[in-house]
Amino acid sequence: MTGHLVVVHPTAEVLAEATAARLLTRILDVQSVRSPVHVVATGGTVGIRTLAAVAANPVRDAVDWSQVHVWWGDERFLPPGHADRNETQARDALLDALDLLPAENVHAMPAAVGDLDPEGAANLYASELAEHATDGAPVPEFDVTLLGMGPDAHVASLFPGHEALRATGASTVGVHGSPKPPAERVSLTFEAIQASREVWVVAAGAEKAGAVAAALGGAPRDEAPAAGATGTSRTLWLLDAAASSEL
Ligand SMILES: O=C(O)[C@H](O)[C@@H](O)[C@H](O)[C@H](O)COP(=O)(O)O
């Protein structure tokens, strides 16, 4: 597929290391020309492993973390601090170790508190995104959006054939009935994801091979949502050998 760069690493471990190094380099490159830098984090195994690899990489000390904003592509709509929240896992893997990253630059999606529902949480997050955007845009121009991908080719919490996938006119959507637990989630929409300068889809494991082949082989985004994960200047597919085995 034109405009997509596919990079294959031998194992999931090397993939996480390489993606972490690439992410740090990307942040440093952007910081040489503009600030702040907007990074969208992902949940999922490879995504969290990548953050842990950033934490362990000494290059992290070269980054001006005071000028980095961290957002999420999606969140599991659970109580604050729940171990399954993408935010909790990202804090444990990396964010809590970054002393120079200001607390207000960490833009977690709202947790399930009181009578807030996924739609309410999505609306709150949309407002926060708009506050940090420029020129009246609904979202910042994300410098890098990291996205894990499921074996069904879902990205963020946009699942095949699910109504949230077709949400338009907003940067965020509340998700009910997610096939991957928990059922309630909050997600960026395709519109928001596609406002990213760079989108990196990161996937490891043989169970992802069919989804990788479908998304890169031109399957419609309704069937293979990852096909709709594109950046305005670059789209990278960062894979391990097993995930690339059907290409
Ligand atoms: O809430 C989540 O789990 C993520 O948002 C989801 O999109 C994830 O990135 C993929 O499902 C891949 O997850 P794995 O890397 O664990 O397979």
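Modeller: Let us begin with Val40, which stands opposite Trp71 in strand E3. Please keep in mind that this is a predicted model.

Colleague: In which sense do E2 and E3 pair, and over how many bridges?

Modeller: Strand E2 and strand E3, residues 68–72, are paired in the parallel sense over 5 bridges. Another residue with a partner there is His38, whose bridge partner in E3 is His69.

Colleague: What does the chain pass through on its way from E2 to E3?

Modeller: The chain goes from E2 through helix H2 to E3, and this β-α-β crossover is right-handed.

Colleague: Back to Val40. Which residue is its bridge partner in E5?

Modeller: That partner is Thr145. Strand E5, residues 144–148, pairs with E2 in the parallel sense over 2 bridges.

Colleague: Which residues lie on each side of it?

Modeller: Val37, Val39 and Ala41 are on one side of E2, with His38 and Val40 on the other, and both faces are covered. As a general point, side chains in a regular strand alternate between the two faces of the sheet.

Colleague: What is the strand order in the sheet that contains E2?

Modeller: The order is E1-E9-E8-E5-E2-E3, an open sheet of 6 strands with parallel pairing. From one strand to the next, the twist averages 20 degrees.

Colleague: Why is one side of E1 and of E3 left without a neighbour in the sheet?

Modeller: Strand E1 (4–9) and E3 stand at the edges and each has a single partner strand, so one side of each has no neighbour in the sheet.

Colleague: Now the other sheet. How many strands form the one with the order E4-E7-E6?

Modeller: That open sheet is formed by 3 strands, and the pairing is antiparallel. Its edge strands are E4 and E6 (172–175), each of which pairs on one side only. Neighbouring strands in this sheet are turned by 15 degrees against each other on average, direction ignored.

Colleague: How many bridges join E4 to E7?

Modeller: There are 3 bridges between E4 and strand E7, residues 185–188, and the two strands run antiparallel. In E7, Val186 is the bridge partner of Glu75.

Colleague: A change of topic: the ligand. How many residues surround it, and which are the closest?

Modeller: The ligand is surrounded by 17 residues, and the closest are Gly43, Gly44, Thr45, Gly148 and Gly150. The shell divides into 4 nonpolar, 10 polar and 3 charged residues.

Colleague: Which element gives the largest share of that shell?

Modeller: Helix H2 does, with 3 residues. Both H2 (45–55) and strand E4 (74–76) supply at least two residues each.

Colleague: Where does Gly169 lie? And why does it count as exposed?

Modeller: Gly169 is in the loop between E5 and E6. It counts as exposed because it has 7 C-beta neighbours inside 10 Å, and the cut-off for exposed is 12 or fewer. The C-alpha atoms of Gly169 and Ala192 are separated by 9.7 Å, with the two residues 23 apart along the chain.

Colleague: Finally, which residues does the UniProt domain annotation cover?

Modeller: The unreviewed UniProt entry annotates residues 11–237 as "domain: Glucosamine/galactosamine-6-phosphate isomerase". Over residues 11–237 the chain is 29% helix and 16% strand, and the end C-alpha atoms are 15 Å apart.

Note on methods: Residues are numbered from 1 along each chain as its sequence is written. This is a predicted model: local features need pLDDT of at least 70, side-chain atom pairs count only at pLDDT 80 or more; totals for chains, interfaces and linings use all residues. A residue is near a molecule or strand if its C-beta atom, placed from the backbone, lies within 6 Å of it. Helices (H or I, at least four residues) and strands (E, at least two) are DSSP runs, numbered from the N terminus. Ala, Val, Leu, Ile, Met, Phe, Trp, Tyr, Cys and Pro count as nonpolar, Asp, Glu, Lys and Arg as charged, and the others, Gly among them, as polar. UniProt positions are given in the numbering used here, feature names are shortened, and annotations may be inferred rather than shown by experiment. A residue is buried if 20 or more other C-beta atoms lie within 10 Å of its own, exposed if 12 or fewer, and partly exposed in between; C-beta atoms are placed from the backbone. Two strands pair if DSSP finds at least two bridges between them. A crossover is right-handed if, with the strands pointing away from the viewer, the path from the first strand over the helix to the second runs clockwise. Axes are lines fitted to C-alpha atoms, for helices over the stretch in contact, and angles run from 0 to 180 degrees between N-to-C directions.
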